[in-house]
Amino acid sequence: MSEHKDRVVLAYSGGLDTSVAIGWIEQQTGMEVVAVAVDVGQGGEDLEVIRQRALDCGAVEAYVADAKEEFAFDYCMPALKANGLYQGRYPLVSALSRPLIVKHLVRAARQFGATTVAHGCTGKGNDQVRFEVSLTSMAPDLKTIAPVRDLALTRDVAIDYANKHNLPIETTKHNPFSIDQNVWGRAIETGFLEDIWNAPTKDVYNYTDDPTYPPLPDEVVITFEQGVPVAIDGRAVTPLEAVQEMNRRAGAQGIGRIDIVEDRLVGIKSREIYEAPGAVALIAAHQELENVTVERELARYKRRVDERWSELVYDAQWYSPLKNALDAFIENTQTYVSGDIRMTLHGGRATVTGRRSDSSLYDFNLATYETGDTFDQSHSRGFIEIYGMSAKLAAARDVRFGRGVNFDEDAH
């Protein structure tokens, strides 16, 4: 093999910035560029078209991977088991895809002998941290550069460069938004949305239809096995097919629109619009099946773990020891999370209307108030006496020391 210059693998989308970055990196650093395009369900152009564009823009090699199945199985499903919602609302759309993209960047670096990894992130966002911390976790020997952050590749410079070098890419059309999308959802920011008083306009949305004028209600039955959807309306599905079908059906009802000011990892607050119809509907179904099948104390603790797991993934800690340990805990909780959830999708809401499970902890005979009740109510008096004993003793002490509850209406 003939000797070549140092090589850098570039996370390549096929758009203006990363197309210009191919030549820009070589010009600024002297390194050859290997373009890496990873399809996680962002839609748009065919991978072969993107591969050819990378070569036409000056890449010495182009690595493309259809990773939709891998993304759904290895990243979306763990998020579903963890009911992954950052700040209780955001289903971690972009945060989930970054570790997978880095995995393929590392694979390409090894395959083509690169010493450096490049990404198109700015210095203000979360994704630069996610890319580089994931890289450090997987391949600490590889260096990183970010053309936008480190090599002054601003948008106006990119447009001028593309025109000057006749790059095969459209440069005149300017989208007012910054958009990242994949199988799990869609994230929209910047433009007029940066004024947090401005309401989103209709053109912001793509995965969801307007819930104000919904079609007729759509009833769906989702079958889970150990926390993973395996069938929809009795038809077997892969994890990817489950997400795609729920994206389509919940999206048609306007489900999964999220408008949130969130706390970024870098310390600033950011206004984000998200669309995640499939994720929101599947998480709602999964949470309800857990309500039926997970023991009370375990369920209470898992809710705390789910919140921490979501924060870790958002904060670029996918490969951290704590996240890996929480994965093991969450996996253990899913042993009995199997059964069917019936939902009605309509007008922006996914409403659970039925549950059934062979591993259910719901006992009809204990729960009923009708004839056949097997709950022995005579046990309750002694249970309450013992359960309230510590509070009773503490209250008596307060009275002794003059700190009891004051029922004087005039007291302040």
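Predicted model: local features only at pLDDT ≥ 70, side-chain atom pairs only at ≥ 80, totals over all residues.
Phenylalanine 383 has a relative accessible area of 55%, so it counts as exposed, the cut-off being over 50%. Colour residues 380-387 and you will see helix α13, where phenylalanine 383 lies.

Next stop: a sheet. Show β6, β7, β12 and β11, which line up in that order as an open sheet of four strands with antiparallel pairing. At the edges are β6 (178-182) and β11 (257-263), each pairing on one side only. Neighbouring strands here are turned by 25° against each other on average, direction ignored.

Stay with β11 for a moment. Seven bridges join β11 to the antiparallel strand β12 (residues 269-275). To look across this pair, select isoleucine 260 and find glutamate 272 of β12 standing opposite.

Now bring in helix α4, residues 93-112. Helix α4 packs on the sheet, touching β6 and β7 (185-189), and its direction makes about 70° with that of β6.

Phi of glutamine 87 is near 55°, a positive value in a residue other than glycine. Is glutamine 87 buried, partly exposed or exposed? Its relative accessible area is 35%, so glutamine 87 is partly exposed.

Leucine 92 is also found in the loop between α3 and α4. Leucine 92 is not a glycine, yet has a positive phi of about 65°. With 0% relative accessibility, leucine 92 counts as buried, because buried means under 20%.

Conventions:
Residues numbered from 1 in each chain as written. Heavy atoms only, no water. Helix = DSSP H or I, 4+ residues; strand = E, 2+ residues; numbered from the N terminus. Buried < 20%, exposed > 50% of the residue type's maximum accessible area, 1.4 Å probe, protein only. Pairing = 2+ DSSP bridges. Axes fitted to C-alpha atoms, helices over the stretch in contact; angles between N-to-C directions. Contact = heavy atoms within 4.5 Å.
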